[in-house]
Each structure stands twice: as structure tokens, then as C-alpha cells.
Amino acid sequence: MTVECVVDIRAEVGETPIWDETAGVLYWIDCLAPSVHRYRPRERTDEPVPLPIDSPHVGAIALVEGGGFLVLSGSGLWHHAANGERKFLAKPDTDRPQNVPNDGKCDPQGRFWFGTMHNQSAEESGRLFRYDTSRGLQAMDEGFSCSNGMGWSPDGRTLYFVDMMPGRVLAYDFDGKDGSISNRRVFVQISKDEGIPDGLAVDNDGGVWVAHWNGWCLSRYAPDGYRIAKIQLPVERPTCPTFGGGDMRDVYFTSAAMDLTPAQLAKGPLAGSLFRLRSDVAGPKAVRFRA
């Protein structure tokens with residue numbers, strides 16, 4: 001597959017790309033720069049929109065029904081409305097001050113799921129959370145030093161979730177009706193010589209696309225965990241893929257330049273940039289949070 005750099009930028013940690021099919025734009029963030037980037041593929045322009053948050057760290061964003069964003073930051077989960085108003089929703093891990101939020105996504109029913117991590121990825125103090133307006137914030141699982149990407153199978157019966165530092169993608173049985181999970185198991189174990197898993201996306205055929213931090217590649221796995229494809233990339237630290245474009249067959253992915261040495265940057269000078277490749281398989285539209 002041909003990989004195209006569409007935004008040449010040195011983001012510290014590019015993350016959570018989301019395709020807005022209504023506007024025909026891609027939103028993404030740099031976790032260490034509190035702003036939402038708006039990439040317009042027709043114009044090939046990228047515009048960072050500053051976020052008024054009380055934290056230097058952003059873990060994830062999600063689209064909201066009716067407009068605006070959910071913003072997950074070090075100060076908690078916020079609703080940033082389209083008119084500029086913002087509302088505080090919840091603060092995870094108030095009993096674990098060493099934890100920070102990291103990555104999140106809406107399930108098929110419009111509930112927001114996200115993880116937390118130890119601020120140095122040194123202890124398994126992170127949790128997996130679910131948030132919805134009727135039941136608020138609920139911890140669903142724990143024991144993660146760095147919670148990361150997630151996605152759902154096309155039939156909505158499996159949740160995939162990255163437990164980053166041990167190098168594994170977990171799978172849970174998922175009940176869409178009540179938002180419960182069960183039967184935690186290892187879906188894929190990635191060998192250390194191929195980096196560690198970061199963000200992921202699931203296509204309409206059930207293929208699970210995983211970004212390999214420090215691995216220079218994206219992998220696509222079948223629902224049984226067999227690797228179908230390995231796509232070599234021009235960056236060492238790809239972070240998160242998503243589907244977009246008019247036919248939902250453009251795979252966009254973010255990347256990171258954080259802590260790379262001059263020698264590493266010379267080998268991969270596009271670190272931190274936004275990329276696109278074409279897939280034979282389409283992906284689902286982004287689910288909006290139901291406020």
C-alpha cells in the first residue's frame with residue numbers, strides 16, 4: 001500500500017484521529033499541545049484550534065451529537081459545545097493521583113470509553129472506564145500501566161482494548177444493551193522486536209488495525225488473531241489509525257516525535273506527521289457521543 005504524508009508536522013504525540021463524514025474533515029490532536037487539529041483533504045490544509053483546558057495534556061477527543069467535542073484531559077472529561085461553552089462531566093481516578101487519562105472512543109451505542117495510565121507507565125494502576133449521561137462514570141476493569149486504543153467488532157459483540165506495555169491487545173465479550181464486558185482474554189500478543197501496540201481501528205470485515213509504537217508498521221489482524229497484513233511505514237512511532245474519506249476507505253493515522261533522538265529523526269524525518277493510505281476494505285463511521 002502507498003503511504004502518503006498529508007500533514008508534514010512534528011507533533012509530539014499525534015492521537016485520536018476522527019473522520020467527520022458530515023463536514024468531510026478529519027480531526028486529530030497532539031496530546032502535549034492542547035488543541036484540536038482540523039484537516040481538510042480537499043484543500044489539503046490543517047488548522048489547529050486551541051482548547052481552553054486547565055491541563056497541558058489531552059488524552060482523547062470524540063464527536064458529540066449536535067456538535068462539539070468530548071475532551072479528555074488531565075483535568076477530567078469535558079463537553080465542549082459548538083457554541084464555545086464547556087461543561088465538566090467527570091474526573092477519573094481521584095483516588096489515584098499518579099494516573100492520567102489516555103485514549104478513548106465511543107461504543108456503537110454512543111457511550112464514551114477511555115483508559116487511564118500511570119504517569120510513568122511504571123505501575124499497573126490504570127483503569128478502563130465507561131461514561132454515559134444516565135449512569136455517569138464507571139470503572140469497568142483495571143490493572144494497566146498504559147491503557148490505549150480500542151474498537152468494536154462489526155457485530156458489536158467484541159471490545160478490543162490495548163494493554164500497551166505488555167504488548168498485547170485484549171478482547172472482551174461486549175453487551176451493547178447494558179454496556180457490560182466479560183471474558184477478558186488476549187487477542188494478540190506482539191513480539192518486542194515489532195514494537196508495542198498503540199491505537200487501533202476495526203474495519204467493516206472485522207479486521208483489527210493496530211499501530212506499532214517503535215515498530216515502523218501497521219498490522220491488520222483477522223477476528224481470530226491471525227495477521228493478514230503488515231504495512232511498513234516511514235515513521236518509527238505510528239500512534240492511531242482511523243477510517244475516513246467519502247467511501248470510508250482512506251486509512252488515516254497519526255504519529256509521534258516525542259523523545260526521538262537526532263539519529264532517530266534523521267532516519268524518520270516525518271515523525272509526528274499525519275498520513276493516509278488506501279484500503280480495499282471500508283471502515284465504520286465515527287460514533288458520536290450521545291449527550
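The legends below describe close-up views of aromatic side chains in a predicted model.

**View 1. The stacked ring pair of F114 and F129.** A pair of aromatic rings is described by the distance of the centres and the angle of the planes. The count for this structure comes to 15 aromatic pairs. In the pair formed by F114 and F129, the ring centres lie 5.4 Å apart and the planes meet at 20°, so the pair is stacked, since planes under 30 degrees apart count as stacked. This pair links distant parts of the chain, with F114 in strand 11 (residues 112-118) and F129 in strand 12 (residues 126-132), 15 residues apart. F114 counts as buried, with a relative accessibility of 1%, and F129 is buried as well, at a relative accessible area of 5%.

**View 2. The edge-to-face ring pair of F187 and Y221.** Here the ring centres of F187 and Y221 are 6.4 Å apart and the planes stand at 75°, so the pair is edge-to-face, the term for planes over 60 degrees apart. Because F187 lies in strand 17 (residues 180-189) and Y221 in strand 20 (residues 217-221), the pair ties together parts that are 34 residues apart in sequence. F187 is buried, with a relative accessible area of 14%, and Y221 also counts as buried, at 5% relative accessibility.

**View 3. A cluster of W19, Y39 and Y252.** In this view, the three residues W19, Y39 and Y252 are linked into a cluster by ring pairs.

**View 4. The charged end of R86 over the ring of W78.** This view turns to a charge and a ring, where the charged end of R86 sits over the ring of W78, at 4.3 Å from the centre of that ring.

Notes. Residues are numbered from 1 along each chain as its sequence is written. This is a predicted model: local features need pLDDT of at least 70, side-chain atom pairs count only at pLDDT 80 or more; totals for chains, interfaces and linings use all residues. Side-chain values use heavy atoms; hydrogens and water are left out. Rings of Phe, Tyr and Trp (its six-membered ring) pair if their centres lie within 6.5 Å; planes under 30 degrees apart count as stacked, over 60 as edge-to-face and the rest as tilted. Helices (H or I, at least four residues) and strands (E, at least two) are DSSP runs, numbered from the N terminus. Buried means under 20% relative accessible area, exposed over 50%, partly exposed in between (1.4 Å probe, protein chains only). A charge sits over a ring if NZ of Lys or CZ of Arg is within 6 Å of the ring centre and within 35 degrees of the ring normal.
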